[in-house]
Amino acid sequence: MKKGRETIMDAVLYVCHGSRVPKAREQAVAFIEKCMDKNPAEIQEYCFLELAAPTMEEGFARCVEKGAKKIAVVPVLLLTAAHAKEDIPTEIKNIAANYSNIEVRYGRPIGVHDAMVQILVEKLGRTGKEITEQSMVILVGRGSSDPDVKRDLSSIAKMLKQQSGLKRVDICFLTAADPGLDEVLMEASDSTADRVFVIPYLLFTGILMKTIEKAIVSLDDNQRFILCDELGYHHIIEGILHDRAKEALNGTRL
């Protein structure tokens with residue numbers, strides 16, 4: 001886009017959560033690079049909120065060095081929580097204060113989206129196990145003290161229930177929110193469900209998956225429990241992030 005003789009370069013900066021697990025970081029980078037192939041923005045960079053490099057400051061600086069005049073920041077997060085509402089925008093504002101000539105836009109996380117239910121249905125199908133009227137599903141979120149996390153995951157559970165015909169879809173969290181994983185697993189263990197499908201509502205493998213596996217193995221009747229794959233960096237999420245980037249570039253200033 002041109003303004004007089006000056007070329008206004010648009011950039012998209014993808015902010016991933018970050019992990020101490022090298023494989024998790026590699027998965028995130030590989031996924032974002034695939035997203036970049038589908039996004040027409042002239043400049044695209046990735047960074048991490050914590051626990052990995054490049055940092056947000058480094059990612060922002062790279063956009064500027066490449067000639068960006070407008071930067072759309074897209075949080076690569078599954079649910080709406082403090083990271084998306086507070087941590088990332090606060091950090092970006094602090095960074096942008098050093099670049100008075102840069103226009104910054106801020107996008108939405110993946111959040112509640114109809115297409116995410118398609119991934120959940122796919123994960124259930126890949127188990128090869130029959131889903132009956134007595135079957136139930138447990139969605140396991142990472143967790144946050146922010147109440148919007150519970151609201152978002154509850155909405156997704158409701159959508160899955162409606163679209164799949166399941167009579168019961170429960171939610172739980174690994175940390176910082178109720179109900180907790182152990183509590184919900186015990187309730188499911190005491191239920192009359194013939195099969196309990198546990199879907200980790202997580203983007204990548206790692207320590208949290210091991211936590212879920214151990215919790216299921218510890219149950220007396222764990223043969224009824226079927227652990228599905230985590231969501232992973234699915235092609236459907238690529239499309240959602242593409243939309244989020246477009247929204248951010250055309251949205252209001254941070």
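## Largest pocket

The largest pocket of this predicted model has a volume of about 350 Å³. A pocket here is an open set of points, on a 1 Å grid over the protein atoms alone, where a 1.4 Å probe fits, with protein on both sides within 12 Å along at least five of seven lines; the volume is the space filled by probe spheres set on the points, which are joined across faces, edges and corners. Its lining comprises 19 residues, and His 17, Leu 77, Leu 78, Leu 79 and Arg 142 are the closest to the centre; a lining residue has an atom within 4 Å of a point.

By class, 13 of these residues are nonpolar, five polar and one charged (nonpolar: Ala, Val, Leu, Ile, Met, Phe, Trp, Tyr, Cys and Pro; charged: Asp, Glu, Lys and Arg; polar: the others, Gly among them).

## Second largest pocket

The second largest pocket holds about 220 Å³. Ser 19, Arg 142, Phe 204, Ile 207 and Leu 208 lie nearest its centre, among 14 lining residues. Seven of the lining residues are nonpolar, five polar and two charged.

## Parallel sheet

Four strands form an open sheet with parallel pairing in the order β8-β7-β9-β10. Strands are DSSP runs (E, at least two residues) numbered from the N terminus, and two of them pair if DSSP finds at least two bridges between them. At the edges, β8 (169-173) and β10 (225-227) each pair on one side only.

Strand β9 (residues 196-200) runs parallel to β10 and is joined to it by three bridges. Val 198 has Leu 227 of β10 as its bridge partner.

## Basis of the values

Residues are numbered from 1 along each chain as its sequence is written, and side-chain values use heavy atoms, leaving out hydrogens and water. In this predicted model, local features need pLDDT of at least 70 and side-chain atom pairs count only at pLDDT 80 or more, whereas totals for chains, interfaces and linings use all residues.
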